[in-house]
Amino acid sequence: MHTLFWFAVLGCVYSYGLYPLLLRLLPVRRSAGPANTALPRVSLIIACRNEERRLRHKLENALQLDYTDLEILVCSDASDDGSDAIVAGYAARGVRLVRSGERRGKEFAQGLAIAAATGDVLVFSDAGTDLPAGSIRCLVEDLSDPAIGAVSSEDVFISADGSVVGEGAYVKYEMWLRRLESERAGLVGLSGSFFAIRRSILGNWDAGIPSDFACALYAVRAGARAISDPRMVGIYSDIKDPGKEYARKIRTAVRGMTAMARLAELRNPFRYGGFAFQTWGHNLMRRLV
């Protein structure tokens, strides 16, 4: 038991302390700059499962985004409240509904929307997340660099009185760590509330893997990397029920481990070098902690 205890302690110290220090020793990858200035068509895919309370606000927010060539799709995971009817009410304003006939999970519904989308850039967001008006232009600017395959937002929590919450030491540490990874081999996981990926590197969509984690790995597998852009923020309300948040964290951890098992080749340092190191140090070790 003593051996197990100290092994666990060392694992925690490595994950949160030694790993970032070792990460700083890896070479920084500089941007190659934009390959062209043509603005691509962008498809915004909004995941939805019984979101009638928040969906109308989300669609109004999406329609205010400052980007000319943007299509908006809502992928409904067999919603049985008024969500689909709300989306239908926005059809005249260009919003399209893609519905799963049976409840099969967020990623399955996203896969249906991907098949229906016409954009060269796919942007994924949740019904409870607001996006700043200029955020699509920011991610398009990032993706104009051919070395960048996917872009993640940074999360901002808003309390009931409109103030920003969750800006403690841990959040600042996480954002610092994500920037370190972005500058090197790339993020090992994106923010699920708001992220983007080039359609050309997506490959076969696996509905059994969390989309935010999978898209970071797809980018690396295509020879590109995923980055975090502080100009892209996903704004959503602070969690009022800690029990629900804890259950969500459990689902996230379990599904993340499933993704790592399915994409085990990306932990091969002889093939993926620095990214494999980051996957071991951040993703696997963090979940074990």
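Helix H1 covers residues 2-23, which makes 22 residues. At 1.5 Å a residue, H1 should span 32 Å. Its end C-alpha atoms lie 29 Å apart, which agrees with that figure. Keep in mind that this is a predicted model. H1 also has a kink of about 50°. The kink is centred on Tyr-14.

Which residues of H1 are buried? They are Gly-11, Ser-15, Tyr-19, Pro-20 and Leu-23. Other parts of the chain cover these residues, including helix H6 (169-182) and helix H9 (269-288).

Take Ser-15 from that list. Ser-15 lies in helix H1. Its relative accessibility is 0%, so Ser-15 counts as buried, the cut-off being under 20%. What does Ser-15 touch, leaving aside its neighbours within four places in sequence? Its contacts are Pro-20, Tyr-173, Gly-281, Met-285, Arg-286 and Val-289.

Now move to helix H9, where Gln-278 lies. Is Gln-278 buried or exposed? Gln-278 is buried, because its relative accessible area is 0%. Tyr-19 and Leu-23 are among the buried residues of H1. For a sense of distance, look from Gln-278 to Ile-136. These two are 142 residues apart in sequence. In space, they are 28 Å apart, C-alpha to C-alpha.

Next comes helix H4, residues 106-116. Its buried residues are Glu-107, Ala-109, Gln-110, Gly-111, Ala-113 and Ile-114. What covers them? The cover includes four strands: E1 (42-48), E2 (70-76), E3 (95-99) and E4 (121-126). It also includes helix H7 (211-221) and helix H8 (242-262).

The cysteines come next. A disulfide is a covalent bond between the sulfur atoms of two cysteines. How many disulfides are there in this model? The count comes to zero. Cys-215 is in no disulfide either. The nearest cysteine sulfur to Cys-215 is again that of Cys-75, 13 Å away. Are Cys-48 and Cys-215 buried or exposed? Cys-48 has 3% relative accessibility, so it counts as buried. Cys-215 has 0%, so it counts as buried too.

Finally, step back to the whole chain. The protein chain has nine helices and eight strands. Its radius of gyration is 19 Å, close to the 19 Å that the globule rule gives for 289 residues, so the chain is as compact as a globular protein of that length. Its C-alpha atoms fill a box of roughly 60 × 45 × 35 Å, taken along the principal axes.

How much of the chain is buried? Of the 289 residues, 47% count as buried. The accessible surface comes to about 14,200 Å². Carbon and sulfur atoms account for 58% of that surface.

Key:
Residues are numbered from 1 along each chain as its sequence is written. This is a predicted model: local features need pLDDT of at least 70, side-chain atom pairs count only at pLDDT 80 or more; totals for chains, interfaces and linings use all residues. Side-chain values use heavy atoms; hydrogens and water are left out. A disulfide is a pair of cysteine sulfur atoms within 2.5 Å. Buried means under 20% relative accessible area, exposed over 50%, partly exposed in between (1.4 Å probe, protein chains only). Helices (H or I, at least four residues) and strands (E, at least two) are DSSP runs, numbered from the N terminus. The expected span of a helix is 1.5 Å times one less than its number of residues. The bend at a residue is the angle between axes fitted to the seven residues ending there and the seven starting there. Contact means heavy atoms within 4.5 Å. The radius of gyration is taken over C-alpha atoms; the globule rule is 2.2 Å times the number of residues to the power 0.38. Accessible areas come from the Shrake-Rupley method with a 1.4 Å probe; for residues, only the protein chains shown count as cover.
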